Every structure is written in structure tokens, then in C-alpha cells.
Amino acid sequence: MAIVLESAAETAAVNAACNAIVDLLDAGSGSGYIELQLDDGSTEVATCVGQKPFFGNATAGVATQSGSAVDSDATGSASAVTKFAACDSDDNVIWTGSVGESASDLNIDDGTAGGGVIIEAGAVVTLSSIEFTVALAE
Amino acid sequence: MNKMKVVMTAKGTVRNPNGESKEIELKAERFVTPTEAEKYGNRIGERRGNSGSQRGV
């Protein structure tokens, strides 16, 4: 049977769902992390370790990252990064997604703009603005 | 029927040793089925008693 939420419960429901999902990153004993990967979805190029808790409490279904997630000495690769995986400290993958160049980067970057995201060995990778949103659909 | 849509977005920078600096974006998006929503609901119940007080930064 389908789940149908009453309107009065929507905000509480999306906040609870959002908190429950982002809390999964904190399930391990240490801090969760976001791993940047090659297109094969398994080759690690950089691992940005977040804070614990990784996200703050959700408001209106939106949880915002606590501090920054950083890799100060990336593994690097000559190939472009196209995927990421968000994991807890026990290496359980919680969710995955894609990586790309931002629109602003295409304007300010030179030489490599449009050529994909190349992370060299020893690079510093900082994820400073992460949001996780849960919203009702349909 | 209500479904939940889950979206994660992230922005950041890559500073390569050669001096190049690049902005990147990460994005994940999917719909949560009623079955998954029920699973998350169960997790909400499980976690209220042991980790809720750790957040609130």
C-alpha cells in the first residue's frame, strides 16, 4: 500500500527522513567521507573526510554539511573523475552520484576547462558546500 | 501518492600541485520508493535513541 502523508506531517516527515539518511554517514566509529572516483566507480582518486556528525539537523528537509570535507594529499589520476560515493567510516557506501565541472569553473578556468576534472597526485580537494535535500514528489 | 525525492549537491575546489585550481560539483538524485521510505522510517526509530543528541552543530 502506498504511503500518503497528510500535509501537516510533511515538514516533520521530510526532516526525519533527511536526518535518518544523512545520519548513516556517521554510523561507523569515525568520520564519514566522500570518495571521488574514476568512471569505473571503484578507482579512488581522492577521499574527502568530513566532520562527525557529517551533517547538521535538517530544516525544511535540507541538511547542511558540518564544516568541510577535505583530502589534503589526493591519490590523483591522469583520467577524469566522474563519480563519487558517500561512505561511512566502515566503508559502507550510503549513496553515489556524479562529478562535473561547475558552470563557474568553465568561465574562470583556463587550459583544462571542458576537459573533465583531473585531480593530480598531491592535490588538495575541499568540499565546502554540501547539502542533502529530501522533498515530497508527486 | 507521495514519494520522496532525495538530492545531494556539493561544491568544492581542486588545487593541483601545478598551481591549477578548479571548481567541481557533485550531484546525486533519486526518488525514494514507499518501501524504501518505510525502511528509512524504521531507521529513524532505531537512531532516535542513540545518536540524535550528537547532532545540532
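Me: What should I know about the numbering and about the kind of model before I begin?

Reply: Residues are numbered from 1 along each chain as its sequence is written, while chains are lettered from A and ligands numbered from 1 in the order in which they are written. This is a predicted model, in which local features need pLDDT of at least 70, side-chain atom pairs count only at pLDDT 80 or more, and totals for chains, interfaces and linings use all residues; side-chain values use heavy atoms, with hydrogens and water left out.

Me: How many helices and strands does chain A have, and what pattern do they follow?

Reply: Helices (H or I, at least four residues) and strands (E, at least two) are DSSP runs, numbered from the N terminus. Chain A has 2 helices and 9 strands, and along the sequence they follow the pattern α-β-β-β-β-β-β-β-α-β-β. Chain B has 1 helix and 2 strands, which run β-β-α from the N terminus on.

Me: What share of each chain is buried?

Reply: A residue is called buried under 20% relative accessible area, exposed over 50%, and partly exposed in between, using a 1.4 Å probe and protein chains only. In chain A, buried residues make up 46% of the 138 residues, and in chain B they make up 39% of the 57 residues.

Me: Which residues have the most contacts inside the largest nonpolar core?

Reply: A nonpolar core is a set of buried Ala, Val, Leu, Ile, Met, Phe, Trp, Tyr and Cys residues joined through side-chain atoms within 4.5 Å. The largest one here has 41 residues, and those with the most contacts inside it are A:Leu36, A:Trp95, A:Ile119, A:Phe132 and B:Leu26. Among the elements that give two or more residues to this core are helix 1 (7-23) and strand 1 (33-37) of chain A, together with strand 1 (3-15) and strand 2 (21-32) of chain B. Its largest share, 6 residues, comes from helix 1 of chain A.

Me: Which residues is A:Leu36 in contact with?

Reply: Contact means heavy atoms within 4.5 Å. Leaving aside neighbours within four places in sequence, A:Leu36 is in contact with residues including A:Val45, A:Phe84, A:Val99, A:Ile119, B:Ile24 and B:Leu26. A:Gln37, which also lies in strand 1 of chain A, is buried, with a relative accessible area of 7%. Not counting residues up to four places away in sequence, A:Gln37 touches several residues, among them A:Thr43, A:Val81 and A:Phe84.

Me: How many bridges join the strands of chain A to those of chain B, and in which sense do they run?

Reply: Two strands pair if DSSP finds at least two bridges between them. Strand 9 of chain A and strand 1 of chain B pair in the antiparallel sense over 13 bridges, with B:Met8 as the bridge partner of A:Phe132. Within chain B, strand 1 and strand 2 are antiparallel and joined by 12 bridges, where B:Lys11 has B:Glu25 as its bridge partner. The hairpin of these two strands has 5 residues between them, and B:Gly19 takes a positive phi near 95 degrees in this hairpin.

Me: Which other strands of chain A pair with strand 9?

Reply: Strand 3 of chain A is joined to strand 9 by 3 bridges in an antiparallel arrangement, with A:Thr64 opposite A:Glu131. Strand 4 (residues 69-71) is likewise antiparallel to strand 9, over 3 bridges, and A:Ala69 has A:Leu127 as its bridge partner.
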